[in-house]
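Hi everyone, thanks for coming.

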Amino acid sequence: MDRKKKYFGLPLMVIGLLFSLMNAKAQETTIVISKDLKWSERMALSIMKRDPKAWQIDNNEKPKWDYKLGLMMTAFENLYNKTQNPTYLNYVKEYYETVINSSGDILNYKLEDYNIDYINAGKGLFEIYKQTKEDRYIKALQLLRKQLETHPRTNSGGFWHKKIYPNQMWLDGLYMGTPFYAQYTAEFEQGKSFDDIVKQFEQIHLHTLDQKTGLLFHAWDESKKMDWANKETGTSPNFWSRSIGWYMMALVDVLDFMPKENPKRKELIQYLNEVSKAVAKYQDKSGLWYQVTDAGNRKGNYLEASGSEMFVYAFAKGVKKGYLPKSYKKLAEKGFDGIIKKLVTVDPDGEIHITQVCASAGLGGNPYRDGSYEYYIGEKIKVDNSHGLGPFILVAVELEK
């Protein structure tokens with residue numbers, strides 16, 4: 001009799017579990033995001049609705065240390081600083097609790113890989129350390145700073161993009177490495193490394209700037225041995241909007257930490273003005289920019305979300321901080337309007353999505369990426385890819401939209 005009672009309860013347990021799951025699912029689907037909120041919060045809440053854990057963004061199957069997730073954490077922290085809503089900070093905090101253990105070891109991180117991308121995910125740790133004062137976060141910050149001490153460099157002192165890409169500097173790498181480096185040296189080293197940080201921009205400016213357009217090529221190979229590299233200059237062959245966007249965001253973000261009395265500060269502001277003037281010439285009537293910046297509506301080219309957002313962010317922040325003429329505020333507003341009208345879709349429950357995001361683009365590797373026009377327009381185009389989500393929040397916060 002006891003055995004029968006024991007097993008008789010099982011179906012009821014199963015039925016109860018099913019009801020619980022159905023109820024949870026129903027609650028999940030009834031989350032409504034108010035259209036009265038600012039775009040920044042509508043996007044953040046939409047992301048959290050789809051991905052309750054930050055590491056799930058981009059359909060990741062398990063937690064990892066990743067530059068794209070670092071971009072997302074930076075965006076959520078900016079939103080928290082603007083709104084003081086702890087929901088956004090807790091989303092970030094939970095991510096870092098998941099990927100950094102009590103000893104300060106970082107999940108799937110290897111210093112000896114010398115991957116500049118790894119540095120970007122560390123930017124969010126400054127705020128989390130301030131909030132928690134937990135030793136693991138300062139240890140993780142110190143570990144990433146240690147990487148920069150021994151990171152391989154070009155003969156002229158520029159950080160290689162990765163150990164597997166010797167002698168190469170990519171525009172992307174300026175955003176991945178220099179804002180972290182600048183904040184670390186400002187907060188923990190009395191600013192001793194700003195000359196080295198400026199050197200990274202000097203090298204990129206010297207070697208990737210195209211005198212004809214004022215735009216910057218995606219990358220430079222000092223050895224000139226890569227098949228994609230121009231045999232005279234070492235530059236890659238095309239202008240990719242997101243890479244220029246990374247560079248411009250790096251400039252405005254590094255300037256947050258650079259003392260006004262530093263003599264090289266004016267140099268970075270000059271670089272920002274020069275590239276902004278060049279980029280503005282290629283803004284489409286929609287307010288957006290094309291995937292291949294200077295190719296307009298050439299067959300296959302398309303108005304791309306992430307690059308457009310990054311340009312708008314740099315313009316808006318540049319004006320707010322006094323680095324750029326006020327006329328760029330209008331260009332930023334036009335750009336943001338274009339993003340909303342052309343690239344954002346809204347579900348009946350208020351959830352929003354960003355479309356036309358280039359999933360990824362690089363040079364070399366296997367399969368080989370040759371940097372051709374056909375290569376850039378042929379990469380996958382995605383909806384709600386983190387490259388488009390993070391900068392959207394950054395832009396919306398900056399413009400108070």
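This is a predicted model: local features need pLDDT of at least 70, side-chain atom pairs count only at pLDDT 80 or more; totals for chains, interfaces and linings use all residues.

The largest pocket holds about 680 Å³ of space. It has 35 lining residues, and the ones closest to its centre are Tyr 67, Lys 68, Ala 359, Ser 360 and His 387. Which elements give two or more residues to that lining? Those are helix H2 (39-50), helix H3 (67-83), helix H5 (117-120), helix H8 (171-188), helix H10 (241-254) and helix H15 (386-398).

Now the second largest pocket, at about 360 Å³. Here 19 residues make up the lining, and closest to the centre you'll find Thr 74, Glu 77, Asn 78, Gln 183 and Phe 257. H3, helix H6 (125-132), H8 and helix H12 (305-320) each put in at least two lining residues. By class, that's 7 nonpolar, 5 polar and 7 charged.

On to the helix I promised, H4, residues 86-99. With 14 residues, H4 reaches 20 Å from first C-alpha to last, close to the 20 Å expected at 1.5 Å a residue. Its buried residues are Tyr 88, Leu 89, Tyr 91, Val 92, Tyr 95, Tyr 96 and Val 99. Why do we say they sit on the same side of H4? Because they cover an arc of only 155° around the axis. And what do the buried residues of H4 pack against? They pack against H2, H3, H6 and helix H7 (135-150).

Terms used
Residues are numbered from 1 along each chain as its sequence is written. Side-chain values use heavy atoms; hydrogens and water are left out. On a 1 Å grid over the protein atoms alone, a cavity is a set of points where a 1.4 Å probe fits but cannot get out, and a pocket is an open set with protein on both sides within 12 Å along at least five of seven lines; lining residues have an atom within 4 Å of a point. Grid points are joined across faces, edges and corners, and a volume is the space filled by probe spheres set on the points. Helices (H or I, at least four residues) and strands (E, at least two) are DSSP runs, numbered from the N terminus. Ala, Val, Leu, Ile, Met, Phe, Trp, Tyr, Cys and Pro count as nonpolar, Asp, Glu, Lys and Arg as charged, and the others, Gly among them, as polar. The expected span of a helix is 1.5 Å times one less than its number of residues. Buried means under 20% relative accessible area, exposed over 50%, partly exposed in between (1.4 Å probe, protein chains only). The arc is that of the directions from the helix axis to the C-beta atoms. Contact means heavy atoms within 4.5 Å.
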